Amino acid sequence: MTTTRSPSGARRPAHTDVAVVGGGVIGCFVAREVLAARPTASVTVIDKDLVAGGATRRSAGLHFPRGASAAVRAMAAESQLRLTALAATRPDLPVHPLPMTVVAAAGTRLDETYLREARLRPAVGAPHPLIQLPAGTAGWAVDGCHYADVPALTLALMAELRPRVPVRESVTVTRLDPAVDRTRLTLSTGETLEADHTVLAPGPWLGHPAWRDLVAPIGARVKKIVALHVERAPGPDDGVVVFHEEDAFLLPYHHRGHWLFSYTCTEWDVDPERLDTALTGADLAAARDVLGRYAPHLVEHAVSGRVFCDAYHPDGPQVRPLTPTGRLVFTGAAGGSGYRLAPSLALRTVRLLEPDPEPEPASASAPDAVGAAPSDAFAPSVRKDPT
Ligand SMILES: Cc1cc2nc3c(=O)[nH]c(=O)nc-3n(C[C@H](O)[C@H](O)[C@H](O)COP(=O)(O)OP(=O)(O)OC[C@H]3O[C@@H](n4cnc5c(N)ncnc54)[C@H](O)[C@@H]3O)c2cc1C
């Protein structure tokens, strides 16, 4: 980004067609998708930390073909297609297909949660010698699962973008001033950047003073996430086991040489700036309690882990214009699924920047959530459905 001078010599703010605030996995996919839609656009990514240093850095990286609502299932299906295609064309990327078993109470209608592509079928035997199925539960085999080293993937994709996309790391956006046709971003370096379109992909930093008041009406909240590291080496053919009722999973973390156990922590309204990322005794006890129901022999090996947080919304992930003209857009609140839903969120974010064929007069009320009607022109050349 350069600051330009007017004929009189006065400094003018630099300009970009699209500013992406947040260089996590979602911001990275948004930047890619903007360029796929409009290859000549100037795009700038800004992050107050290093790229992939936020929630993305701690992501367990599991993708499974399911969704709690029809909207999330549609996003999961869309993302699965794109992530699978990406991994097929780029075998160097850290995306690893895995066998998967879901353990649930007998008679649970898993077909209401899982995608058709999952090809749910009764599993043969226990999912792993160390796992005991409690009475009244059964296992189902599932297709279409993988896990990724999300920070490594994000860094690899961002490296690919860098020749075309200025990436401003360790640069905080301290202030946002939205106007009708652009947004002015004030940066911690003292520079200003004017962007025709600004995409806010702040992960759990919903409360940053630069946008707290703009984002608050969305109604998203931030929840702590904890996963334990189980210090036992997984076998090469081990797959992930999902415990349906507990919304927990045991993932063979082949690339790190241990298992990862994720369970549902219920600590709400944490602040990513203040959150202590050290595992507490309470975290350990709560996670071990769930793990012990299925894999008691692993409990003593569950000695460390990863702690952070993510933004959640009761209606699922959000892609929302924050201004009547839609030139400032929020994307995220992916509720602990921001890796697996990132490609779909990015697609929907770019669609929101597309021209409305029959533009309606600007209204003060923002359209609702994911897939909301486009509200302002992005560029005439934007494709409807990037392939
Ligand atoms: C322990 C854990 C396990 C998880 N497991 C899974 C999983 O198995 N599968 C899955 O799909 N998802 C998982 N998730 C969720 C997933 O990691 C997140 O949803 C996803 O990383 C969010 O990406 P993001 O880009 O929105 O946010 P982030 O990665 O947090 O990126 C936001 C960025 O914004 C930057 N930023 C904030 N404020 C400013 C500012 N003022 N100026 C400039 N930059 C700013 C931050 O520095 C940060 O880098 C997990 C999350 C955690 C914490």
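Here is a short chat about a predicted model, going from the whole chain to a few of its residues.

Colleague: Before we start, what are the ground rules on pLDDT?
Modeller: Numbering runs from 1 along each chain as its sequence is written. Since this is a predicted model, side-chain atom pairs count only at pLDDT 80 or more, totals for chains, interfaces and linings use all residues, and local features need pLDDT of at least 70.

Colleague: How many helices and strands does the chain have?
Modeller: Both are DSSP runs numbered from the N terminus, with helices being H or I of at least four residues and strands being E of at least two. On that basis the chain has 7 helices and 21 strands.

Colleague: And what share of the chain's residues count as buried?
Modeller: Buried is for a residue with 20 or more other C-beta atoms within 10 Å of its own, exposed is for 12 or fewer, and partly exposed sits in between, with C-beta atoms placed from the backbone. Out of 387 residues, the buried share is 46%.

Colleague: Is glycine 27 buried or exposed?
Modeller: Glycine 27 belongs to helix H1, residues 25–37. It has 32 C-beta neighbours inside 10 Å, so it counts as buried.

Colleague: Which residues is glycine 27 in contact with, leaving aside neighbours within four places in sequence?
Modeller: Contact means that the two C-beta atoms, placed from the backbone, lie within 7 Å. For glycine 27, with those sequence neighbours left out, the list is Val20, Gly22, Val45 and Ala201.

Colleague: How far apart in space are glycine 27 and alanine 342?
Modeller: In sequence, 315 residues separate glycine 27 from alanine 342. From C-alpha to C-alpha, the distance in space is 8.5 Å.

Colleague: Which residues come nearest to the ligand?
Modeller: A residue is near a molecule if its C-beta atom, placed from the backbone, lies within 6 Å of it. There are 41 residues around the ligand, and the ones that come nearest are Gly24, Gly54, Ser59, Gly203 and Gly338.

Colleague: Which helices and strands each supply at least two residues of that shell?
Modeller: Two are helices, H1 and H2 (55–58).

Colleague: Moving on, where is aspartate 247, and what is its phi?
Modeller: Aspartate 247 is in the loop between strand E16 (240–243) and strand E17 (248–253). With 13 C-beta neighbours inside 10 Å, aspartate 247 counts as partly exposed. Although not a glycine, aspartate 247 has a positive phi of about 50°.

Colleague: Why is E17 largely enclosed by the rest of the structure?
Modeller: In a regular strand the side chains alternate between the two faces of the sheet. Here Ala248, Leu250 and Pro252 on one side are buried, and so are Phe249, Leu251 and Tyr253 on the other. E17 is largely enclosed because its buried count is 6 of the 6 residues.

Colleague: How many bridges join E17 to E18?
Modeller: Strands pair if DSSP finds at least two bridges between them. E16 and E17 pair antiparallel over 3 bridges. E17 and E18 (residues 258–262) also run antiparallel, with phenylalanine 249 opposite serine 262, and the bridges joining them number 5.

Colleague: Which residue in the turn between E17 and E18 has a positive phi?
Modeller: The two strands form a hairpin with 4 residues between them. The positive phi there is about 80°, and it belongs to glycine 257.
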